[in-house]
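Let's take a walk through this model together, beginning with a pair of helices and moving on from there. Keep the viewer open as you read.

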Amino acid sequence: MAVLLAWLRLALWLLTFSWSSVPGVLAQNTPVTTWPLHDDGLNKYVQWDHFSFKVDGKRLFVFSGEMHYWRLPVKEMWPDILQKIKASGANAFSFYGNWAYHAPNATTVDFQSGSRDFTQLFDIARSLGLYVIVRPGSYVNAEANAGGLPLWITTGAYGSLRNNDTRYTAAWEPYMTEFASLTSGHEAGIGGNAFQYQIENEYGQQWIGDPTLRVPNETAIDYMVLLEENARNNGIAIPLMHNNPNMYSRSWSKDWSNERGNVDVYGVDSYPACWSCNLDECTGTNGAYVAFKIQLYYDHFQSVAPTQPGFLPEFQGGSYNPWGGPQGGCGSNTGADFANLYYRHNIAEKSTAMSLYMMYGGTNWGAIGAPIVATSYDYSAPLSEDRSIGSKFYETKNLALFTRVAEDLRMTERLGNSTAYSTNSAILTTELRNPSNNAGFYVTVHADTTSSSVESFQLNVNTSRGALTIPQNGSIILNGHQSKIIVTDFNFGNRSLLYSTAEVLTYAVFDGAPALVLWVPDGESGEIYIKGGRPAQGQGQSGQGQNGQGQSGQGQQGNPYQGQGQYGRDHNAGRLTVANSWQHASSNPWSNGASNHWRRAASNVRSSADAQGLLVSFTQQKGMTVVQLDDGLRIVIVDRTSAYPFWVPTLTADPSAPVNETVLVQGPYLVRGASMSSDAQTIELTGDYTNATAVEVFAAESVNTISWNGQSLKTTKTQYGSLTAQVAAPDTKGFSLPALGPWKVHDSLPERLPSYSDSGPAWVAASHMTTTNPSPPATLPVLYVDEYGFHNGIHLWRGYFSGAATGVFLNVQGGTAFGWSAWLNGVFVGSFLGNFTQTAGNMSLSFSNATVNAGENVLLVMQDNNGHDQTSGALNPRGIMNATLLGGSNFTAWKVAGTAGGDNHYGLLDKIRGGLSEGGLTAERLGWHLPSFDDSAWNTSSPSTGFSGPGVHFYRTVVPLNVPAGLDVSLAFVLSAPSSQKFRAQLFVNGYQYGRFNPYIGHQVNFPVPPGILDYSGDNTIALAVWAQSEEGAQVGIDWNVQYVAASSFDVKFDGSYLRPGWTHERLMFA
């Protein structure tokens, strides 16, 4: 094997060397290396080689996006997300499992209750035509609480975790066994769409020390072998993959070593602009942050995995927002320009498989999130937390659609990477070439990718007609922080472009004739050469095209190209049919509420023919232009504004999206799907729109009618064969949100009072004198919450002592942004307010303002537990590390309360939401946050009125909601308070904790809540727990807003009542 790999690397080096500095050499001289075709020995339906994956014998450019079903705990909403991922041009999606979500205690694994049946994702994927990358864990990281490990495993009783310890193995086996078994029935090759199965996550620990020395880490290797055997023994027959955390670790590649534990397919995760809005977090991996600075992967893959595709299982789709991050995240770091530049750069690095992390982030509801993140997991992803789409989504779509149809891109060698290709040394070009047919792809970018300059250049390319400098007239324009892929000998249908300086967006084939879609930014020029192209024979007024419409009539020679829009003629090239399509004048036509003004596109289209083809050049303004040749070839040219709402829905559920099984649609905010009527005369579109919308469809000749969301539209056929129709503005005036209120309020901290009894089942004696946790406490007994079956949310500690203490020293640990407060005999003695950097807080509190009894005294410590850390930090304890009385006394006993029922909460109280949804407040234990709880005896007051003094008040209101049928409405709650206020608040919606608001530390004020959690056709219980940490008390503003309203084919008024179980009498025992 080592000799073979050395030979392969040498062959690749020779191939690269012979081309990298000679951009003028003819492409036909490309040497061809024969690479092995791999499969896993169990499933030949999925294969791979040096170039790309193959599924069912067809090469695949994997363009995927990540979503987490457990961050959207409403299975009825999963189709909405996956429909949008499909519409983005992606052909796959990826998802993590979450062991903690499915295993609430050590004896339970649940894949049925609520929205825990993840196999429904496979059914949706099969119906839409998406491949699936399955990533079960057992550890997933993902900014999840303990990295997705169940919290009962964090005590130390199961060892140091993520190794071959038999205690840990016995813990994960039930979850991983069931996950694999459930997945095995949905694999590619047996009717399903799952085509890769990940083992562990970012576990680059195969080697001890320097990976180039290949000193095996037997403990890690044994662990990987156990996981792999578990997958295979439980029916997984698709390739096993792994995602290395960086390019240094070089773990688990069969091309790199023959060591045990290697997976079938090697991958590397990359976040070049930092995975966090706190850029300092990434300095150790990426170096100092520099905006738009790229990373290089090509040499790494050729060294570590040369016989495998360049695979990026996680490539940056955005960044998570830590507690100290800006409201709304840091989308400007990874916006539309980021998508344009970096995703094309991955192609330049010869990657043919990448999955964006995240495509849709979702929400850290309850205790799902790790301490480093607040409630939002929007991730600045292409698909926002509130499910809306915008420029980043559209920019991603523009490239994904190209990779879906560029068949020759799936098999290329990288021949060069140099500024010598361009007439402008500021431009760096990477040449990729298909060795079987010499199709070329030139990825152009600023040599300094951090530059914002606008550069013009010509490009030296190799074509089947020899070396050319293109464009032959004019230049290519490249804006700062953007990239363009220039194609040569690009095959589409039965036709071929010799070259195009406009980017290919997509193409489709109708009745045997292709329709090619090209795009350039507004105001830029493009030039294409169509092999064998002949101009259409027709009549028209010739002359220079402007912003108007040409006149039909007998073509005349003279001033060429006059009369843009109908039939233009070059006096050297016969006739060419050119037409303008209507288009929005608004710079953002897909935005909510955009006015509807219309204009004609203004493209100067020129053509000239020779014996081998047709040269067409143009300058594209806003809108869409269609060029038609007399053999039926249509070329659609759009600017960026028109390319954004340009969709290519598939007519079948084939993930490869055959070009003769798609249609082209321009205009709507979103097109979710398309089908053909039984008589093949109506194209039936489904999707969303926010205002009056012109729809244009390119489809088969037999189609004469457009149907939109089940309604037949008045349809007109254009002179160039497309169909146009108008969708009237949706009626959204009948919907408005009711005001929140009236509010009821009740004290939620009786535990502070000396008269309170902690003798009930809510309380557990904290009496352990030893711990298995590797971090022992400074004082005894052990006051770690996980020791006593409580794991998340707010915990209450009651410590008893007698004697003349003068104060207490407390060291409490609860994760980033946590806090705590203390009361002695009902009197407030102080708080640790927390911040977004400290995970523990220690203070000495004086009892001078309280009465210390000669007899029994009770100290209440109320602690916020923001979750367990990730990776090895999962074992970091949560609770009181040190509780020392000052002045001579000692604590005689401790008790602790947390989530009602502790580890038994799931079986006793709430299988649907699960224990991760609530903590240990009196209000939570007694179910005040749940629908149908009777608060009629409570006082009336609102959170905005607030209260004075430290403590916890719990507010409730019930509000009706009735969203009209046919509308998709996204709603969010908005909390407000001055940043100086020292309080913590939790938002509950129908029993789910859907917001943590801490104005003193964090900046999140907007909290989206999806349909299903909210009842869109009934009453909704909204509650707010407000914990004031100082004498000034707290006042909280609360309202809700409409994020967007769209008329939609997606029904958000499903019956989700099963997700919202109400209050039960069993709660009363946990007072």
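Helices α9 and α10 cross in a right-handed sense. Bear in mind as you look that this is a predicted model. The two helices, with α10 covering residues 391-405, pack at an angle of about 25 degrees, and their axes lie 8 Å apart. Angles under 35 degrees count as roughly parallel, so α9 is roughly parallel to α10. On the α9 side, the contact is made by A336, A339, N340, Y343, R344 and I347. Facing them from α10 are S391, K392, E395, T396, L399 and T403.

What does F490 touch, leaving aside residues up to four places away in sequence? Its partners are F402, A406, F441, R495, S496, L497, V504, Y507 and L516.

Let's finish at helix α6, which runs over residues 218-233. Its 16 residues reach 22 Å from first C-alpha to last, close to the 22 Å expected at 1.5 Å a residue. Buried residues in α6 include I221, Y223, M224, L227 and E228. The buried residues of α6 pack against α5 (166-184), β7 (194-198) and β8 (240-244). Just after this helix, G235 adopts a positive phi of about 100 degrees.

Terms used: Residues numbered from 1 in each chain as written. Predicted model: local features only at pLDDT ≥ 70, side-chain atom pairs only at ≥ 80, totals over all residues. Heavy atoms only, no water. Helix = DSSP H or I, 4+ residues; strand = E, 2+ residues; numbered from the N terminus. Expected span 1.5 Å × (residues − 1). Buried < 20%, exposed > 50% of the residue type's maximum accessible area, 1.4 Å probe, protein only. Contact = heavy atoms within 4.5 Å. Axes fitted to C-alpha atoms, helices over the stretch in contact; angles between N-to-C directions. Parallel < 35°, antiparallel > 145°, perpendicular 65-115°, else oblique. Left-handed = near helix turned anticlockwise from the far one by under 90°.
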